[in-house]
Structure formats: C-alpha cells, structure tokens
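Hi,

Here is the structure I said I would pass on. My notes on what turned up in it follow below.

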Amino acid sequence: MNSSSVTPPMIDTDHREKTSAGDEISSTERHPKPKGGWNAAIFVIFVEMTERFAFYGLAANLITYLTNNLGEPTATAAKNVNTWVGVSSIFPLVGAFIADSYLGRFKTILLSSIVFFLGMVLLSLSVSVVPMEYRRAVFYTALYILAVGEGGHKPCVQTFAADQFDDDKAVKSSFFNWWYLGIVFGASSAVLVVIYLQDHVSWTVGFGVLAGALAAALVMFLMGIKRYRKQSPTGSPFTSMLQVFVAAARKWRVTETPSGHGICYQDQDCRGQCRSRTLVRTNQLRCLDKAMIIDDNDVSTKTRNPWRLCPLNQVEEVKLVLRLIPIWLGCLMYCAVIVLVHTFFIKQGSTMIRSIGPHFQVPPAAMQSLIGFTILITVPIYDRIFIPMARKVTGGITILQRIGVGLFLSVLMMVIAAIVEAKRVSAAKEHGLIDTPKATVPMSVWWLLPQYMICGIADVFTIVGLQELFYDQVPEVMRSIGAAAYISVVGIGSFVNTAIITVVQLISARHGKPWLGNNLNQAHLDYFYWVLAGLSAVNLCVYVLMARCFVYKRVGGDDMKEEGKGLSLNSYLDEQI
C-alpha cells in the first residue's frame, strides 16, 4: 500500500521475506520506519503549545502579583515586568548560538525544557511554602531561571519541528497550520483559565497548574526521542563574519582594478575564474568588498587563507546582517509600546467595570485574549482581501512596507489609549473617586477594546513582518540566530519602555507629582501615552528613511520585482512562534 506523506504508513505484517537460510525477515526489520514526519512533529507541537501556555499564564498577570502581593508601586512593577520580558527575549540570542555551534537543537530544547520546568516549580514554592521574608528573593530568582529556559527554547523549537519534514510545501503547510493553532490555543487557554485561577482561587494553584503542564510536556517530548530527526551543529557563524572584517582590514589599501587578479567568487576557485554564484554583488558597504579582492599574495599561495581572502557569498552574507541592524533599531519603539499590554493596560482595566452578568467579573489581564482573537480574524482578511487588492493596485506590498503599516498602527493605538484614559480619569473626577484608588470607576472595561484590537492588527503587520524579514534576509546558516535577533527586538523594546518610564518619572516629579503614581485616578497615565505616541511618530519617520535605503537580498537569476513581497497565509503560519 502506498503511504501518504501526511498519514503514517501502514505495515503489512503478513508479508515476510526469507533469507537463504530460511529465516523470516519482516518488512519492518528489512526497511526500518523512517524518522521524522507527523509521528515526530506532534510531540514538538505539544511541547510548544504547553510552553506558550506556561509563559503567558505567568507573563499576562505578573504585574498583578507584584503590586497586590509583593506590594510594589505600579511604576516599579511595570519596570520589573519589562526587565524580565526583556531578558527572556535577549537570552534566545545565546541559546541560538549554543544550539547552532555546539549542542544542536534537540539537546538545547531538552535542557531548556528541564530548566524551564524547574524554574516554574521554584516559582510555585515561592508563593506558597517560602517564608515571607525570603519570598521576594526566591520569586525573582525563579523568574530569571525561567528566562534562561526561554532562551534555549524559543529560537530552536520551531526550527526543530520543521526539520522533521522533507521539503514538501503541502505537508509543511499543514504542519504550520497545526503549529499555529497549538500556539493560539495554549496562549488563549492561559489568559482565560490560568488567570482566573490566579485571581479567584490562589496563586499557588495557578502556578501549580503551569508546573504540572510543563512536566507533562517534558514527558511527552522524551516519548518521541526515537522518532526525531536530529541536525548536527554547524559551527559558529560569527567566525565567518569576523573573517570578512579581518580580511577587509588587512587589505584596506588594496583596490580592485581591471588589470588586477579579480575577486574570489567561490571557495573552490579564488583565482579570478568566474563560476556560478548564489548571492548578487551589491554596491552598499563597499569597504567590505576588499575582503574578496585577489592580490599578489593570494595568488602566490596554494591554499586560500580565510582570514585574508573571502569569497563573494561570504562577504555578501555579512552585508545582509549589517543591513538589518537599522531596521532592527527602527522597530524598538514599536516593541516598547506593545509591552504595555502586560503592564499599564492591565492596571487600567482593574479600575473599570468588568462585570458580565450578576456573578462573573472579567479578570483585567484576560483582556489580552482579545489580541489573539483579533489576529485570528485579521490574518485571513489580510491574506484573502488585502494582499489581492494590493497586488492589483501597486503590484504587492514589500516586507518593509508591511512593518511600516504596523508602526503607524502603534501610533494610532497610543493616541486612542490616551483619549480613553483621559475619559476614565474624567469619569473618576465626576463621581468623586479621585482619592479612592481601589474604587471602581463607572466606565466599562470594553472602552479598552479598540486599543487591544489595534494592537492585534499591528502585530499581524509588524511582528509577522519582522519574523519574515529576519528569516528571509539572513544567511541560511544563521536562521536560528535570525529568529533570536527578531525575538531580541521585543526584549530591547521592553528595556526602552523601562527607560522611558524612568525618565518620565524623574522629569514629572521635578514639576509636581509623578505621572505614574499608584493611584491611577490621580496619575497622568494619559500624558504618558501621549509621550509614547509622539516618540512612535518620530520613530516612524526615521524608519521610513531607513527603509528607503534598504536593499533586499538578491540571488542570481531572481527577478527583483519579486523581492521582499509579503507572506501569504501559509507563510504567516510558517513564521509564527
């Protein structure tokens, strides 16, 4: 029977072959079952779904625990949340480097999953059995153990799951559909269920559920150990980059002339003979081109010195990385705004009417589930309506244009958030609630719906665009590090938000009361939102200038008109984490 590439093959145990000695050999013994495929990927999908469940079950409501249980001021708690999210998003750079250079993805995922589980166990103990005088120290220790676990897990798990399949677009498309659904299910379940347990039962039960889920995920991952395809580490890509810089520096006086020996096109042929090449030579960063110029010393040597002469592809790969840096910097402000959904957006919602019926109140952190629902609605609209219309009008939308639309939406989000917050404070004044911070302001929490929905739509443009950019425009050997670089944008953006909070508090305190006090009814959170809106607008203008100078990666024979076009629905699912 023919086996499907999606359905596991069926083995006919009734048909056996005989050796010359008369011994029977089953078909499974003669043709062992291949590794990879759905039989392996399903285990990795479960692990990622559970890890997202645990991460969002903690991050989505962390500011509530810091302010209500540890007694931290709102501004301090917001900065601590931003710092933790930032560190959790920077560690993947280290994890990706270790996975690609030394351990491989499987070992990195396994070790990071164990670390993540131990961190969650310690977190559960810190809110239950640990004495109060040590609780804060143990709690933060557990948080940063979790950040270390995130560092190894995030950049490797999706790539490892994709490694289980051959280059069959139909099968991979089906896989990424299930992958994305698993992520959405895990994150949404945490926001809706775990946060309810934390707010209405106990933090011990809430964190205990997360620890139990991680234990089950670790067991499930180990159950599939014999089915996985495991890729060996390829070595450090940073060595290759460093060779280009050193070679260019050593030849800083060398110039390329028509009468010279030419340039090195490929590693196997560095004496001026032009062979087929992959990347097209670009005119940007011409100073690095000196690394591939062949001079008399190179010709006189029998073997190429990689620290003195580099092939064209190697030089162009370094240019690819350097061209991404301005775009990376231009997206930091966007991430500095988006992290508000974990901090001040939640504190806003906690002061408003959250009742649904006579007996149920929506946990303020559960409003974050609106972002996920908005993404699920927006992606098909983007793929089936927006992209076809854009192709008819302008021929399509580039990756950088897609990111820019999200940056613009982030400005709009902050403007709306500032207006809504001003209305909330006005309602508090009208009802005499300025001096009672714990009182419920007579204003529905659903006034926050627009800013959450715009945040979800902006993610479809900017976050997914960044994923595509850092996957498509980095060298193939650096794609794990490219994914980590994209994740680090969120981390550094969190630190930028923390820095802005610090500066705003210092300046506002000198001219009266701090804008971000514990009593939101007396604070000026709306002023803070206007500052972020202004900074985001300036950042958008700078981004547009940088994007106009960006040169997309070109492969020999490619049509430039197809470079940089946006992802389809299946590609969007491919790039989700």
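pLDDT is the predictor's confidence in each residue, from 0 to 100. Helices (H or I, at least four residues) and strands (E, at least two) are DSSP runs, numbered from the N terminus.

As you'll gather, this is a predicted model: local features need pLDDT of at least 70 and side-chain atom pairs count only at pLDDT 80 or more, while totals for chains, interfaces and linings use all residues. Residues are numbered from 1 along each chain as its sequence is written, and side-chain values use heavy atoms, with hydrogens and water left out.

The protein chain averages a pLDDT of 81, and 86% of the residues score at least 70. Two stretches need care. Over residues 1-31 pLDDT stays under 50, and the model has 24 contacts there beyond four places in sequence; a contact means heavy atoms within 4.5 Å. Residues 558-577 also stay under 50, with 60 contacts beyond four places in sequence. Where pLDDT is low, the predicted coordinates should not be read in detail.

Now the overall picture. The protein chain has 19 helices and four strands. Of its 577 residues, 51% count as buried, meaning under 20% relative accessible area, with exposed being over 50% and partly exposed in between (1.4 Å probe, protein chains only). Among the contacts in the protein chain with a separation of 6 or more, 80% are between residues 24 or more positions apart.

A cavity is a set of points where a 1.4 Å probe fits but cannot get out; a pocket is an open set with protein on both sides within 12 Å along at least five of seven lines; and lining residues have an atom within 4 Å of a point. Grid points are joined across faces, edges and corners, and a volume is the space filled by probe spheres set on the points.

The second largest pocket has a volume of about 650 Å³. Its lining has 26 residues, and Asn68, Lys347, Ser350, Pro437 and Lys438 lie nearest the centre. Helix H3 (62-68), helix H7 (169-200) and helix H13 (344-350) are the elements that give two or more residues to that lining. By class, the pocket lining splits into eight nonpolar, 13 polar and five charged residues. Here Ala, Val, Leu, Ile, Met, Phe, Trp, Tyr, Cys and Pro count as nonpolar, Asp, Glu, Lys and Arg as charged, and the others, Gly among them, as polar.

There are also five cavities of 30 Å³ or more. The second largest cavity comes out at about 100 Å³, and its lining includes Glu51, Ser112, Phe116, His153 and Leu218. Helix H2 (38-59), helix H5 (105-126), helix H6 (132-162) and helix H8 (203-223) each supply at least two lining residues, and H5 gives the most, with four. The cavity lining has six nonpolar, four polar and one charged residues.

A few single residues:

- Arg105 sits in helix H5 and counts as buried, at 17% relative accessibility. Beyond four places in sequence, its contacts include Asp100, Asp163, Gln231 and Ser480.
- Ala59 is in helix H2 and is buried too, at 2% relative accessibility. Leaving aside neighbours within four places, Ala59 is in contact with Trp84 and His342.
- Ile353 belongs to strand E3 (residues 352-353) and is partly exposed at 37%. The C-alpha atoms of Ile353 and Thr440 are 6.3 Å apart, though the two are 87 residues apart along the chain.
- Leu285 lies in the loop between helix H9 (237-250) and helix H10 (296-300). Phi of Leu285 is near 55°, a positive value in a residue other than glycine.

And how many disulfides are there? The count is zero, a disulfide being a pair of cysteine sulfur atoms within 2.5 Å. Cys331 is buried, with a relative accessible area of 0%; its sulfur is 6.9 Å from the closest cysteine sulfur, in Cys335, so the distance is too far for a bond.

Cheers

Note on methods:
1 Å grid on protein atoms, 1.4 Å probe; cavity = no way out; pocket = protein on both sides within 12 Å on 5 of 7 lines; lining within 4 Å.
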